[in-house]
Amino acid sequence: TGAIGLYNVGQSCCLNSVLQVFLMNIHFTRILRRITVPQRDSQKNRNVPYQMLLLLEKMQSGKQKAVFPTALACCLSAYRVKLFVQHDAAQLFLTLWNLIKKQMKKPELVENLSYLYTICVQEHLVCQKCSLETRRNSNMLTFPLPVLDADSHMLRTLEDCLQCFFSPEELTGHNMCFCERCGMKTPFLQSMKLVHLPQTLTIHLKRFCCEESASVYKLSHHLPFPQDLDFNTVLTENQCEADDNEKVAWQYELFAVVAHSGSTNFGHYCAYIRSLTECKWYCFNDSEVCEVSWDDVKCTYGHSNLTW
């Protein structure tokens with residue numbers, strides 16, 4: 001029936017944008033359609049995957065311009081996802097994903113969900129006094145990429161941001177770590193190596209920054225990103241901890257962009273999403289949905305006068 005919008009039910013533009021990215025991902029909706037339906041009405045009202053499934057079916061049941069996500073919003077309010085509050089898209093994505101995973105009863109669906117979204121990296125710590133090295137694998141749902149380098153200079157491309165994320169960092173002063181061999185806190189060299197990438201990769205550009213005074217400001221400088229991204233051409237061998245079979249799958253096509261316009265105190269979220277069935281780009285601005293071109297998507301690269 002085409003792309004369907006979501007009505008704003010109380011500063012819900014951020015929620016609407018993140019929901020559209022989930023529900024336009026056919027790999028995610030295949031998992032969502034296989035969930036176990038709760039037995040009781042009280043359980044249904046508090047079950048996030050079930051309410052997302054109801055919303056998806058409502059969006060696909062007719063030729064409405066938009067539908068109200070009220071039932072899902074009320075369900076989320078029980079988990080401190082409130083209306084009439086400005087949310088951060090990256091934080092809201094993590095909150096929704098964790099609720100979905102926690103409330104899915106079938107282990108195979110949880111495994112499929114993790115395979116679809118989970119990134120695995122290996123953290124390396126090397127003591128600069130005795131050379132003791134420790135390694136630890138950890139999972140994450142997004143790449144939280146800095147848009148400024150270590151000297152607070154603006155990074156100019158997405159590839160530069162990835163290189164900055166995987167570049168070694170010296171942990172000195174207040175950031176020193178305890179070394180078991182030295183028996184004291186010592187300077188360490190910290191680095192990250194990429195182990196596994198998921199089917200759907202989520203990148204979070206850290207445009208909201210905190211100053212020492214605890215005030216938050218936004219970095220809106222121009223930062224282009226490509227339609228296609230091959231990690232084998234971006235990262236070096238020293239930044240990867242994976243075999244060749246794993247690296248073959250490290251090629252991506254851009255699927256969606258969630259963008260914020262305005263300041264830290266007041267703003268609006270909008271989503272640009274490429275339909276995986278039609279291969280067309282759409283702009284989801286709450287209840288307003290229209291087909292757009294790649295040149296239109298480029299407005300999300302960032303500048304002071306962002307207009308949808």
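**Terms and values**

Gln 51 lies in helix α4. The model is a predicted one, in which local features need pLDDT of at least 70 and side-chain atom pairs count only at pLDDT 80 or more, while totals for chains, interfaces and linings use all residues. Residues are numbered from 1 along each chain as its sequence is written, and side-chain values use heavy atoms, with hydrogens and water left out.

Q: Why does Gln 51 count as buried?
A: Buried means under 20% relative accessible area, with exposed being over 50% and partly exposed in between (1.4 Å probe, protein chains only). Gln 51 has 6% relative accessibility, so it counts as buried.

Q: Which residues does Gln 51 touch, not counting residues up to four places away in sequence?
A: Gln 51 touches Lys 44, Asn 45, Ala 71, Leu 72 and Cys 75. Contact here means heavy atoms within 4.5 Å.

Q: What makes α4 a helix in this account, and how does α4 lie against α6?
A: Helices are DSSP runs of H or I with at least four residues, strands are runs of E with at least two, and both are numbered from the N terminus. Helix α4 covers residues 48-60 and helix α6 covers residues 89-103; their axes come within 8 Å and cross at roughly 105 degrees. Axes are lines fitted to C-alpha atoms, for helices over the stretch in contact, and angles run from 0 to 180 degrees between N-to-C directions.

Q: Why is α4 called roughly perpendicular to α6?
A: Angles of 65 to 115 degrees count as roughly perpendicular, under 35 as roughly parallel, over 145 as roughly antiparallel and the rest as oblique. The crossing angle is roughly 105 degrees, and that makes α4 roughly perpendicular to α6. Val 48, Pro 49 and Met 52 of α4 make the contact with Leu 96, Leu 99, Ile 100 and Gln 103 of α6.

Q: How many residues of each class are in the contact of α4 with α6?
A: The contact has 6 nonpolar residues, 1 polar residue and no charged ones. Ala, Val, Leu, Ile, Met, Phe, Trp, Tyr, Cys and Pro count as nonpolar, Asp, Glu, Lys and Arg as charged, and the others, Gly among them, as polar.

Q: Why are α6 and α7 described as roughly antiparallel?
A: Helix α7 (residues 107-117) packs with α6 at an angle of about 155 degrees, and the axes are 10 Å apart. On that angle, α6 and α7 are therefore roughly antiparallel to each other. Phe 93, Trp 97, Ile 100 and Lys 101 in α6 meet Val 110, Leu 113, Ser 114 and Tyr 117 in α7. By class, this contact has 6 nonpolar, 1 polar and 1 charged residues.

Q: Which residues of α7 are buried, and how do you know that they are on the same side?
A: Leu 109, Val 110, Leu 113, Ser 114, Leu 116 and Tyr 117 are buried in α7. They cover an arc of only 160 degrees around the axis, which puts them on the same side of α7. The arc is that of the directions from the helix axis to the C-beta atoms. On the other side of α7, Pro 107, Glu 111 and Tyr 115 are exposed. The cover over the buried residues of α7 includes α1 (13-23), as well as α2 (26-32), α6, β3 and β4.

Q: What makes β3 and β4 a pair?
A: Two strands pair if DSSP finds at least two bridges between them. Strand β3 (residues 119-127) is joined to β4 by 8 bridges, and the two run antiparallel. Val 126 stands opposite Glu 133 in β4.

Q: Why are β4 and β6 called edge strands?
A: The open sheet has 4 strands in the order β4-β3-β9-β6, with antiparallel pairing. Strands β4 (133-140) and β6 (169-171) each pair on one side only. The twist averages 30 degrees from one strand to the next.

Q: What do β17 and β18 form?
A: Strand β17 (residues 281-285) and strand β18 (residues 288-292) pair in the antiparallel sense over 5 bridges. They form a hairpin with 2 residues between them, and Asp 286 in the turn has a positive phi of about 55 degrees. Tyr 282 stands opposite Glu 291 in β18.
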